[in-house]
Amino acid sequence: MPADAAAPAPTDPAGGVRLHVVTGKGGTGKTTVATALALALAGEGRRVLLCEVEGRQGVARLLEVDDLPPRETEVAEGAGGGRVVALAVEPRSALLLYLDTFYRQGRAGAALEKVGAVDFITAVAPGLRDILLVGMVYEATRRRVDGTRGSGGTEPDAQPDADGGAPGSGAPASGAVPWAYDAVVLDAPPTGRIGAFLGIGDELAALAGGGPIAGQAASVARLLRSPATAVHLVSLLEDLPVQETVEAAAELADAGLPLGLVVANRVLGEVPGAAADDAAEDAAGVAAALAGAGLDGAAAREVADGLVRQGAARAVALAGQRRHHEVLAGLGRPVAVLPQAPGALDLAGLYALADRLGEQLP
Amino acid sequence: MSAPGRAPAWAVDALLDDPATRTLICCGSGGVGKTTTAAALAVRAAERGRRVVVLTVDPSRRLAQALGLADGATAEPRPVPGVDTGAGGSLHAAVLDARATLDALVDDALPPERAAQLKRNPVYGSVAGSFSGTQEYMAMERLGQLREAALSGRAPWELVVVDTPPSRSALDFIDAPARLGRFLDGRLVTLLRRPTTARAGLAAVPAAVAGRVTSSISGGVAAVMDKVLGGALVRDVQALVQGLDVVFGGFQQRALATSAALAAPGSGFVVVTAAEADALAEARFLLARLARDGLPTTALVVNRATVLAPGAARLGAEEAARLAGGLAAAGHERAAGLLRLHAELALTAAAEAAAVGRLLGDRDDVAVATAAARPGDVHDVAGLREVAADLAGA
């Protein structure tokens, strides 16, 4: 049976992408977008793993569930058998799992813990921490439903990955076994650190000079640079986030990492009739209308002044948004627009965002 | 701006004018405006007569330019142009340079030859240059240095305002000294500290030696490390730990002293947040954590808040929506549109205030200051002055 016949083959809304890396300047709402993306993919019947790596429990807070444990936990169901499984990837358990998976060294992990080596790896040597975190995401991406591993590419490959072939992993060469997850969404560190976070494999490969971590780092790097990966950039339509998005796009392109969507988040909407920047003189007309609707005269004038000022501010903001949108469009990637939800974002709002994002996936 | 809910409004000027205020630390999650807040408070303090230094972390290019930190050796505090010194104050600014700070620590602690050797270690470059982790340690070190300089009277400043790194978690900064301490006191370091060969750890370690050292401790830890990390990396790390031991030992002492000083009167943490769910949730954890550690929280700053225009504020969201309906029906499109916009803004402002209220819970000891969302980024002293005036309610 050919590999693609056995692979789950719903139409792929993201062009064969299996690993979605979501990053953006701090404060742009990348966790929200990553979660909405996972929900959108699950809404199309996919089994999605949503990974968080920064220990902030942002996913749990958005989905209004208890803090996520460092193991895969189902958090949402989508239509047609789709589901979202969340995982708070955490360096300590990543290291222990890594030892156990590759070396059958669960007890050695305990020994490392005892002498403080885990502290060293997770706190003092940040580069190592990053490769462990990315490595764990990589492992989840290339896992098949039967627990064996492939390269993690767009199709379950027939051959076990040579360098991923851990001693005694026993992956059958049968191939054609579906991936455990159709898609993996990674809520990654912010753009300021994304290059180091994803590129650290190269740095470490150079440092470690052929050690086993270097071997895994090379496999991770291959997956990250393959068409199975897309790095999505979340931005606001404001000066600094746009500037940082443009810089990140260049940095990622230089590193050979495939860019996915650019997501303009929290975009203010047009309010028909409200935003007119040349309308300062119409406060009197607005006041008259308000007075006609029952506000008393003096109050109507004051309220009208305030309303007109708010309208002018919105007009300025909208003009800025249009300018910034053009800059983002200039990156040559599709720009998905997510609206600013009035009030605070709740669960219903999150699902609404997921729908909006789903509509805009290529 | 007025504080939402029951929280007292932050008396910014009283705090800045009090000569007993010596250190302000702006902390919060990434992208909430920590750097801008730190710089704005510093400008206001300076223009009210304090002699101030502000340490920024990764300022935007234009803000750096405004602070006179566009190029050259920006790690050393420099006078900020354009600040009104009429009240007798002054403002210096610097950018945190983790690499340079660590290099300087190494140069101070080791003889030149060993320092040079250490800085050539490939792992040193990775640790020093990496964006996460090292920055927190070095921010604490720089804060200690700037405070020391202020206390000695040698420096042209007496108030230190610091921005904290955009770390994985806002808590990393205050955790850094203890975490480093745990590591330095740990058995791994004891193990790695052992000289491996006569040639100062730079030569290859025979596997048998590494094996012998550890087998006596916990059954092949080094062997596992070797397997996981690769022999070359373990040797580099070992050489690094031996070299940095002295450096970090001194650093650790100062960091603990600085930490302790931060709990004393005269220091205060300013928790910065944006009026958004993610940032507010992070701020809640940070406030709880500061309280648990006995660290003084001076205020909560809510940036990018939705603030209604004066005059319009008296009109509630529901009433605005109702009026909009009637006016639209009567053909007053412009007035109806403005009212719909107002209803949206009022709803958002109320939701933000409620979120801040939930965040504070029953805490009445944290003062709140709010800064309105701005159409563009703040990139000059005039802009910083406006933000500070917003915070001060002026």
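Which residue forms a salt bridge with Arg304(B)? The partner is Glu276(B), and the closest N and O atoms of the two are 3.4 Å apart. Glu276(B) has a relative accessibility of 16%, so it counts as buried, the limit being under 20%. Arg304(B) is partly exposed, with a relative accessible area of 25%. The model in which these values were computed is a predicted one.

Side chains of opposite charge can pair when their charged atoms come close. Over all chains, the count of salt bridges is 29. One of them is formed by the side chains of Glu47(B) and Arg385(B), with 2.8 Å from N to O. Here the partners are 338 residues apart: Glu47(B) is in helix α2 (residues 34-47) of chain B, and Arg385(B) is in helix α16 (residues 381-392) of chain B. Glu47(B) is buried at 19% relative accessible area, whereas Arg385(B), at 35%, is partly exposed.

Arg99(B) and Asp103(B) meet through their side chains at 3.4 Å, N to O. Arg99(B) is partly exposed, with 33% relative accessible area, and Asp103(B) is buried, with 18% relative accessibility. Elsewhere in chain B, salt bridges that share partners join four residues into one network: Asp13(B), Asp17(B), Arg44(B) and Arg48(B).

The strands come next. Why can strand β4 (residues 90-95) of chain B be called largely enclosed by the rest of the structure? Six of its six residues are buried, so the rest of the structure largely encloses the strand. Ser90(B), His92(B) and Ala94(B) point one way from β4(B), and Leu91(B), Ala93(B) and Val95(B) point the other way; all of these are buried. Strand β2 (residues 51-56) of chain B runs parallel to β4(B), and six bridges join the two. Within this pairing, Arg51(B) has Ser90(B) as its bridge partner in β4(B). Strand β3 (residues 78-79) of chain B also pairs with β4(B), but in the antiparallel sense and over two bridges. There, Pro79(B) has His92(B) as its bridge partner in β4(B).

Some single residues can now be followed through their contacts. Val161(B) is part of strand β5 (residues 159-163) of chain B. Its relative accessibility is 1%, so Val161(B) counts as buried. Leaving out residues up to four places away in sequence, Val161(B) touches Leu24(B), Ala38(B), Ala42(B), Val52(B), Val53(B), Val54(B) and Leu55(B). Val161(B) and Val12(B) are 149 residues apart in sequence, and their C-alpha atoms are 14 Å apart in space.

Ala150(B) is in helix α7 (residues 134-152) of chain B and is buried, with a relative accessible area of 10%. Its contacts, not counting residues up to four places away in sequence, are Arg22(B), Ala155(B), Trp157(B), Glu158(B) and Val160(B). From Ala150(B) to Val160(B) there are 10 residues in sequence and 7.9 Å in space, C-alpha to C-alpha.

Asn303(B) brings the reader back to strand β7 of chain B. Is Asn303(B) buried or exposed? At 8% relative accessibility, Asn303(B) is buried. Apart from neighbours within four places in sequence, the residues in contact with Asn303(B) include Val32(B), Gly33(B), Thr37(B) and Ala371(B), and also Val272(B), Thr273(B), Ala274(B) and Ala275(B).

Chain A can be described by its totals. It has 13 helices and eight strands. Of its 362 residues, 57% count as buried. Among the contacts in chain A with a separation of 6 or more, 73% are between residues 24 or more positions apart. The accessible surface of chain A is about 13400 Å², and 55% of that surface belongs to carbon and sulfur atoms.

Technical notes:
Residues are numbered from 1 along each chain as its sequence is written. Chains are lettered from A and ligands numbered from 1 in the order in which they are written. This is a predicted model: local features need pLDDT of at least 70, side-chain atom pairs count only at pLDDT 80 or more; totals for chains, interfaces and linings use all residues. Side-chain values use heavy atoms; hydrogens and water are left out. Helices (H or I, at least four residues) and strands (E, at least two) are DSSP runs, numbered from the N terminus. Buried means under 20% relative accessible area, exposed over 50%, partly exposed in between (1.4 Å probe, protein chains only). Two strands pair if DSSP finds at least two bridges between them. Contact means heavy atoms within 4.5 Å. Accessible areas come from the Shrake-Rupley method with a 1.4 Å probe; for residues, only the protein chains shown count as cover.
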